[in-house]
Amino acid sequence: MRYRTLARTAVGAIGLGAMPLSIEHRPDEKRAVATVHAALDAGVTLIDTADSYHWHAGEAGHNELLVARALARYGGDTSHVLVATKGGRGRPGDGSWTVSATPARLKKAAEASARRLGVDAIGLYQLHKPDPAVPWAESVGALRELLDAGTIRTAGVSNVTTDQILQAHQILGDGLVSVQNRYSLAVRDSEPELRLSERLGLAFLPWSPLGGISRSSLDGPSGHASVGTAFHRLAAERGVSPQRIALAWLLARSPAVIPIPGASRPASIADSAGAADLTLNARELRGLEASPPNRAAP
């Protein structure tokens, strides 16, 4: 697998979004662990999780614990694997998502995440979403305190605007290494945030990177994916999946991009990982850009 830079560290150009392994319609643990192992076998070295990735009330940290168990059971070396987790959101168990990013909560959440992951310091800790009830500088300031305390090694921000990135960069300096926003062939609202990340030397981790090709885990069972797009046609020509074309397109958007496609089956992440070694030529990229897919149905 080709590599890209995150926090001055080389990671596989395709990561694993572990959320589908713990939320609604999740697989059993055997298949979930096999999915993580398939990712590692394919050269994935970045795993994205969060304390709020769970289904029922009272199981906060389900995904973090699952990832930790999967890594512990892997037969090979995992010392080079970067586990990125997030704090600042919650799930009361009724299918909804809450936001709570007070400094006290973030610091407590990070300490709990470190315990669940079984690490002395979290490799990458991300503020999951700005809390409208808390000044942004105060939430980011908690990340600064976590960095200074050694609880986390690097910090990231998610679901943010360009102004919020700039303010976080001012507060965190070199401690800020990543931005995680929704971005895909169907949803490109975060183009300004991607370009700013590129200029600042930050990794850009698009969540739901297969929007428009595959249904996001957040869309629910009624979600639909696009069919018959230029991406599907090129996939047929290349003899690969449309998902792999979509991820290769994302990698071509910027050297800052490291997609983190979700997966709940070993075959899914193995296929996605193949995008790291798929290079689209200029003609193919022009063809894809000339026929942008429609936004996936809500």
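The model is predicted, so local features need pLDDT of at least 70 and side-chain atom pairs count only at pLDDT 80 or more, while totals for chains, interfaces and linings use all residues. Residues are numbered from 1 along each chain as its sequence is written, and side-chain values use heavy atoms, with hydrogens and water left out.

**Overall fold**

- The protein contains ten helices and eleven strands, taken as DSSP runs (helices: H or I, at least four residues; strands: E, at least two) numbered from the N terminus.
- Its radius of gyration is 18 Å, close to the 19 Å of the globule rule for 298 residues, so the protein is as compact as a globular protein of that length; the radius is taken over C-alpha atoms, and the rule is 2.2 Å times the number of residues to the power 0.38.
- Along the principal axes, the C-alpha trace spans about 50 × 40 × 40 Å.
- Of the 298 residues, 55% count as buried, meaning under 20% relative accessible area with a 1.4 Å probe and protein chains only.

- Thr 154 lies in the loop between α4 (136-149) and β9 (155-158).
- Thr 154 counts as buried because its relative accessibility is 7%.
- The Thr 154 side chain reaches the backbone oxygen of Gly 123 at 2.5 Å.
- Ala 121 is 33 residues from Thr 154 in sequence and 9.4 Å away in space, C-alpha to C-alpha.

Methods. Buried < 20%, exposed > 50% of the residue type's maximum accessible area, 1.4 Å probe, protein only. Polar contact = N/O pair within 3.5 Å; in protein donor to acceptor, adjacent residues only side chain to side chain.
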